[in-house]
Number of protein chains: 2
Amino acid sequence: MIRVFSLAIGDELLDGRVADNNTKDLGDALAVMGLELVGAMTVPDSRANIIAALHHAVSQADVVVTSGGLGPTSDDITAECIAEAATVGLRFDEPSYERMKAMFDGRGIPMPENNRRQAMLPASSRTLENQMGTAPGFVTPLARAEVWSFPGVPKEYRHLRDDYLLPMLQDRQQHGKPSRLLRRSIRVLGLAESAIGERLALFEKGHSDVRVQYRVAFPEIIIRVVMVADPADTGAIARLDLLAAEAQRTIGAHAYAMGDDPLEVRVLEHLAHRHESLALAESCTGGLISKRLTDVPGASASILGGVVSYADSLKVGMLGVPAACIEEHGAVSEETAKAMAQGVVTRTGATWGLSVTGVAGPDGGSAHKPVGTVWFGIAGPPGVVAVHKKLPDFGRDRVREMAAATGLRVLLEALAGEGVIG
Amino acid sequence: MIRVFSLAIGDELLDGRVADNNTKDLGDALAVMGLELVGAMTVPDSRANIIAALHHAVSQADVVVTSGGLGPTSDDITAECIAEAATVGLRFDEPSYERMKAMFDGRGIPMPENNRRQAMLPASSRTLENQMGTAPGFVTPLARAEVWSFPGVPKEYRHLRDDYLLPMLQDRQQHGKPSRLLRRSIRVLGLAESAIGERLALFEKGHSDVRVQYRVAFPEIIIRVVMVADPADTGAIARLDLLAAEAQRTIGAHAYAMGDDPLEVRVLEHLAHRHESLALAESCTGGLISKRLTDVPGASASILGGVVSYADSLKVGMLGVPAACIEEHGAVSEETAKAMAQGVVTRTGATWGLSVTGVAGPDGGSAHKPVGTVWFGIAGPPGVVAVHKKLPDFGRDRVREMAAATGLRVLLEALAGEGVIG
């Protein structure tokens with residue numbers, strides 16, 4: 001097992017200005033390959049701190065990945081510190097310097113003399129060409145480890161990580177064997193992580209050839225069933241698919257789908273496939289469902305838009321909900337949800353209408369309709385239905401996020417003809 | 001200057017499952033007091049790693065804050081490792097045990113025997129009562145430093161940090177002087193961090209009694225002018241206000257406001273103050289502005305809702321934009337933006353209408369109207385106007401975020417009577 005250590009360098013990571021996301025992203029990328037970080041450190045732009053951290057890191061790991069401190073200013077001292085730790089000097093990397101000059105020339109800007117610093121690398125290092133920015137990456141042997149140095153800018157970090165580091169790790173880890181980390185994702189809505197863990201406990205114990213990973217993407221939990229195998233081994237892949245299906249069944253109805261696509265993408269796929277359109281009538285979610293759907297490029301092929309009928313007057317005036325319906329049953333009711341969904345279909349000509357009306361809090365709840373009470377209405381070719389959910393009151397933002405996701409989920413079932421309707 | 005080090009403990013922080021937000025939050029809280037983290041480490045749930053990290057951390061800092069590893073299961077070994085590093089045994093903390101039992105009793109659940117582990121603390125430690133969970137925090141002397149141990153759960157971490165650690169640091173730092181870190185926030189929209197830095201360079205050099213901090217809250221940048229002073233010293237406070245105003249002037253018109261309130265809160269305050277209402281007509285932002293406004297509790301007092309007129313048919317059918325207007329000028333045009341804003345006011349009866357129509361990308365751009373072209377319309381008591389912006393094409397999500405923020409900013413100017421209208 002190759003031991004990898006992450007060393008993030010920069011004052012801005014320690015004074016609350018910037019979060020170090022490179023470490024988590026690296027951990028994530030390694031996990032996909034079946035590797036793990038053995039540790040991580042963050043140090044300020046200080047020579048003594050960086051050198052002490054380098055010595056500590058190489059005592060713990062085979063590969064140390066540094067991020068940051070490769071810029072052109074005087075507080076960017078990563079290369080100098082690595083050279084000092086390795087007791088070597090600096091070398092001037094002519095090709096990197098020429099690449100920088102060409103980048104500046106291409107933009108019609110004379111290159112500041114400062115940038116020359118970025119071509120000064122540890123004498124014993126080899127260069128990693130950075131196609132996304134001026135600072136080259138480099139790899140320096142230190143003690144019995146290798147130090148891989150990347151810029152801290154996430155885009156450049158990911159480029160060097162994915163194009164140089166991960167392939168090297170993959171090669172070393174496999175010793176020539178063509179195995180990879182294969183995975184199947186299961187999306188779960190409406191169950192807590194601990195509850196899923198309990199349901200999967202026996203499954204995890206019973207199948208030692210797969211691992212189960214959990215990831216929270218509130219309000220969803222994404223479960224990954226992971227196996228190391230040769231991607232050409234159809235037997236292994238069939239077994240992975242079988243086990244993933246077993247895990248999904250074991251979790252139950254809350255595990256609503258396989259794969260990596262979020263709810264809004266699934267809804268759009270259904271609609272595009274059927275050449276049908278959708279309009280929204282949102283009350284408590286205040287535009288959040290429309291926002292999620294239109295986040296997806298190309299949404300305009302199926303999403304007409306809709307009405308945010310936050311005030312009851314808009315439910316009546318813009319959606320045609322009878323005022324008597326709201327008076328008699330309340331704005332948060334089966335009848336109003338149905339009338340909203342039907343109204344948005346009638347007024348926009350969409351194939352489908354989805355409505356949401358609920359109590360998001362913190363105010364507006366009652367004993368009869370507490371915060372978290374939500375009604376969803378769906379109008380479409382098979383007719384009009386309403387679905388009721390009592391969501392847990394985890395606060396206004398979370399109730400709204402849950403209501404939006406649940407609305408998309410309910411719609412998805414209707415589109416798939418899974419018996420919500422009729 | 002007190003040196004603080006953050007040590008995060010847990011496998012889940014290194015395999016990509018969970019990001020360590022406690023370190024950034026701690027850095028942020030310290031920055032507000034004028035203190036900084038001198039370093040941070042993350043280690044897996046492994047005895048050798050934790051003990052090595054503790055020794056490294058106490059060599060760098062006066063106060064080491066550990067997070068995680070205080071749970072009831074066998075992989076929670078923080079207390080044991082600290083005891084071993086300090087070469088002391090463990091003690092059974094009876095009051096913590098009794099508190100746990102009472103918590104379980106209160107929920108009507110018998111306490112699992114496992115939880116007894118959480119009351120086993122280093123013999124030389126003192127206990128920090130945790131009012132948010134079962135695991136107590138504790139403080140253990142180690143070498144010449146103090147190790148403060150908190151649970152990793154962010155809510156419990158913040159509770160122990162804010163109620164025990166920060167007051168201690170405050171006391172020690174001040175040596176009895178009543179000085180605090182006072183700050184003024186300036187909100188900037190439409191200028192990059194580096195451009196603000198250039199404009200403030202002379203200001204920062206010229207005033208050594210204040211510091212300037214930068215914080216990105218995309219698409220806004222929040223600038224803080226920070227001074228250490230006695231809060232009762234009215235002269236110092238007047239000077240801070242003066243300098244903050246100077247910084248705001250120096251940045252220019254993009255520095256649109258002082259204070260911590262986001263745009264949607266400012267808009268809602270204006271509306272509430274004037275007892276006026278607002279309706280939205282959103283095209284490219286797809287509901288995002290409505291969502292932001294209705295994120296704020298109590299938004300229903302002023303926000304009626306509106307129309308997400310993503311499809312042109314809804315601009316015509318739901319907002320009354322003349323089809324000829326769209327045909328002649330295009331959906332992204334001054335005329336359509338005005339007709340949308342006027343239409344949503346006419347149809348909803350709102351005092352004000354805000355419309356947005358633009359090209360969010362990735363498709364739909366042209367040489368004449370490239371991605372990032374956005375028109376905003378405002379209809380209100382003074383009349384109807386439209387404002388044009390060419391936002392940079394940083395990708396669909398960012399164009400939409402910028403368009404939503406810019407729309408709120410334009411509306412705010414109109415509400416404040418700052419000459420957008422007329």
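Guide: One term to start: contact means heavy atoms within 4.5 Å. This is a predicted model, where local features need pLDDT of at least 70, side-chain atom pairs count only at pLDDT 80 or more, and totals for chains, interfaces and linings use all residues. Residues are numbered from 1 along each chain as its sequence is written, chains are lettered from A and ligands numbered from 1 in the order in which they are written, and side-chain values use heavy atoms, with hydrogens and water left out.

Visitor: How many residues does the contact take from chain B and chain A?

Guide: Chain B gives 51 residues and chain A gives 51 residues.

Visitor: And what area is buried between chain B and chain A?
Guide: About 4400 Å², with 59% from carbon and sulfur atoms. Buried area is the accessible area (1.4 Å probe) that two parts lose on being put together, summed over both.

Visitor: How many salt bridges cross the interface?
Guide: The rule finds two between chain B and chain A. A salt bridge here is a side-chain nitrogen of Lys or Arg within 4 Å of a carboxyl oxygen of Asp or Glu. One salt bridge links the side chains of Asp295(B) and Arg400(A), at 2.8 Å, N to O.

Visitor: Which kinds of residues make up chain B's side?
Guide: The side of chain B that touches chain A has 24 nonpolar, 16 polar and 11 charged residues. Ala, Val, Leu, Ile, Met, Phe, Trp, Tyr, Cys and Pro count as nonpolar, Asp, Glu, Lys and Arg as charged, and the others, Gly among them, as polar.

Visitor: Which sense does β14 of chain A take with β14(B)?
Guide: Antiparallel, over three bridges; in chain A the strand covers residues 303–308. Strands (E, at least two residues) are DSSP runs, numbered from the N terminus. Two strands pair if DSSP finds at least two bridges between them. Val307(A) stands opposite Val307(B).

Visitor: New topic. Why is β16 of chain A largely enclosed?
Guide: Eight of its eight residues, 373–380, are buried, so the rest of the structure largely encloses β16(A). Buried means under 20% relative accessible area (1.4 Å probe, protein chains only). Both faces are covered, with Trp375(A) among the buried residues on one side and Phe376(A) among those on the other.

Visitor: Which strands pair with β16(A)?
Guide: β15(A), residues 352–358, runs antiparallel to β16(A) and is joined by six bridges. There, Gly353(A) partners Ala379(A). β17(A), residues 383–390, also pairs antiparallel with β16(A), over eight bridges. Thr373(A) stands opposite Lys390(A) in β17(A).

Visitor: What joins β16(A) to β17(A)?
Guide: A hairpin, through two residues.

Key: Helices (H or I, at least four residues) and strands (E, at least two) are DSSP runs, numbered from the N terminus. Buried means under 20% relative accessible area, exposed over 50%, partly exposed in between (1.4 Å probe, protein chains only).
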